[in-house]
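Hi there,

Here is the structure I promised to pass on. Could you take a look when you have a moment?

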Amino acid sequence: MTSAHPLLDHLNDAQREAVSAPQGNLLVLAGAGSGKTRVLVHRIAWMIEQEHLSPYSILAVTFTNKAAREMRTRLDAILSLSSRGMWVGTFHSIAHRLLRTHWHDAKLIEHFQIIDADDQLRLIKRLLKDHGIDDEKFPPRQVVNFIAGCKEEGLRPPQIDTAGDPYLHQMVELYALYQNACELSGLVDFAELLLRSLELLRDNPALLEHYQERFSHILVDEFQDTNTLQYLWLKLLAGERARLTVVGDDDQSIYGWRGAKVENLERFRDEFESTKVIRLERNYRSTEAILEAANALIRNNTGRMGKELWTDIGQGDKISVYAGFNDLDEARFIVDTLSRTVKEEGLSRSDVAILYRSNAQSRVLEEALIRASVPYRIYGGHRFYERLEIKNALSYLRLMVTRNDDAALERVINVPARGIGSKSVERLRAHARDEGMTLWDAIHDAIAKKTVSGRAANALTDFVNLIDELDNETSGLPLDELIDHVLSKTGLIEFHRAEPGEKGQARVENLEELVSAARAFAQGQTGVRGLDPFEPEGEAAGEATLEQFLADASLDAGEQQADEYEDAVQMMTLHSAKGLEFPLVFIAGVEEGLFPHKMSAEEPGRLEEERRLCYVGITRAMKKLYLTYAEMRRLHGKETYQRPSRFIRELPAGLVDEVRLRGQVSRPMAERSSSGYRAQKPASGLSRQTEAEGAGMTLSLGQRVRHPMFGEGVIVNAEGQGDRARVQVSFEDHGDKWLVLGFAKLEAL
DNA sequence: AACAATGTGGTTTTT
DNA sequence: CCACATTGTT
């Protein structure tokens, strides 16, 4: 087919329609694997090349830095002119940019710093202690969530109606205290970035007018993940004139627990003028079997916007469900199966993903992989910039930029130990609180007024001198040399090197990595900025500043790096798997209580989110999908009986191939009477039966056996010992099955 | 100020 | 069971 424009080549009808839709508000409901990024990128290119829009008037918003980078890269690849001048970034990075540029109007200090969840938690803990508030009644975590929740709804303390509820009243009080502390220290948290920038625009009509005038076209990715604040932010920025293209999938909304509002999709359709809706339902990723299973599963949810994935790739293999005897058996099965498949199908190990609901599940799987010498890579866990040694280093750097950064100061005032113990810090805090000043100022004040002991005063003097000297000595140095100097002069390198075992070594390497990261940042950063009349003069182009580096570190936690070059099996939670695809996928622990997780099982809304999570997992698979579960699992140290997840039952029977039928193998029929699968642990009856069965069985390959349900067959494989011994029997009418000798009623022939 | 003993709780986490 | 945080001990 010949297209009107090369940008429309190799697109299907729906994609083409989305790319070339006339200027106006557009909602693209893009199913998994339907080429949504492609559509987004091509639409932007279309606007520029076909409709002669300036890149300067386009704003593209994503949730992750990775997505932003990918979009920029792909744009530059298809665009004939540079995408410079176009804003592409995450909600947070764009908000940050606005605040940096207009810090004064935003009522911030010029060198404000960003604090992460960890800093936030520490700050809250300190506040609770300082004000003698019971941290049992007000768990710090909950307080942090409450504050973030309020901000995400766009609420400031005075606007919150406590309705006479003393608990709520206290929470709001804490919110106010926390906010005060942040203001004093020049700290801004993630939610604050957004709320502040919204308030900045709302309260400065001229500024708002400027940006509304500029951004005539706004595009948003993963719209189902936006929260109320982000929605309001977009709406404000868009004003009456701008045209929005938003892309999302209500069926892949899995961050509701973090404030994301799927409803924003419908809200957008209803509130933005004459929004056109286009569905991308053709999937280029998975087999029919996988898509039909996913479709069937998600049909159990209510209130969907409606979408059915389809493909012409072909039917493909059925989905295999494996019932592990226990979690170890489940892991063994996964490792055996993936090793065999990689070998037989010629896959790379990185074509294989093992997905799970919670991180705790990775352990058993890891051990099985190690035992089989299969290289693997785990995503998630601690990110680079969140590591202790890195945060220590960054805290020194932050103090160099902003002495008032209490969060940073608290972290490193005695790291490495320099004789400023908890008592001294306690006293300083009290001093700071009484005088309404920051810790940095309190140190000076206390020394001047001699309210600290001589020894403490000396140590404190050394500390403030250290920071000042660092600042002076490094001015004008390239970023990496600057950091290198700070690391050695503060003694951080030595401090971490002295830590016992491998840990110290690893930490030093991470610190060295930080220096390299700074070097890379400096190289990538030079001369990218400029063009914006509202941007500050001077420092714009030229060398990367420490401040820019710190902001980048806060807003982009850094890819998980570790043996990136080795071909390894990919392990991650279902949440982190969103957006990825793999030829071979295992979803482990598909059990009631685990997935859906017990914390989410009662509330219908949360259960539906778990189901969407399962949908996300299933649609990651391109060619073959395995769902596995364990009938017995070690959870929190004790053995628990697990039931297969309801999600397995929701898959059409015709698409499912039970690798080993649950129940047949794991428990004798007699044990299953009383209360279904919650049956008590098989006790005395088990061992007796094992002996009886075991005694009569001669275990040899090729042995003919009879099973009460499957009839006659031949033993083709065996493994294990005692009552855990399992044999693989090739039945005449039922194919191959693994049976546990201790349970299955096999009769030698 | 470092270390052991003891207690507690244990989804998911783009920024 | 195991990772952590807080308490008590030297």
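Below is what I found in it.

This is a predicted model, in which local features need pLDDT of at least 70, side-chain atom pairs count only at pLDDT 80 or more, and totals for chains, interfaces and linings use all residues. Residues are numbered from 1 along each chain as its sequence is written, chains are lettered from A and ligands numbered from 1 in the order in which they are written, and side-chain values use heavy atoms, with hydrogens and water left out.

Chain A first: 54% of its 749 residues are buried (under 20% relative accessible area, with exposed over 50% and partly exposed in between; 1.4 Å probe, protein chains only).

Next, DNA strand C. The residues around it are Arg363, Arg634, His636 and Gly637 (each with a heavy atom within 4 Å of the strand). Of the DNA strand C atoms that come within 4 Å of the protein, sugar and phosphate account for 42%.

Finally, Lys489, which sits in helix H20, residues 479–490 (helices are DSSP runs of H or I, at least four residues, numbered from the N terminus). Lys489 counts as partly exposed because its relative accessibility is 30%. Its side chain makes a polar contact with the side chain of Glu473 at 2.7 Å (a pair of N or O atoms within 3.5 Å; within protein, one must be able to donate a hydrogen and the other to accept it, and residues adjacent in sequence count only if both atoms are side-chain atoms).

Best wishes

Terms used: Helix = DSSP H or I, 4+ residues; strand = E, 2+ residues; numbered from the N terminus.
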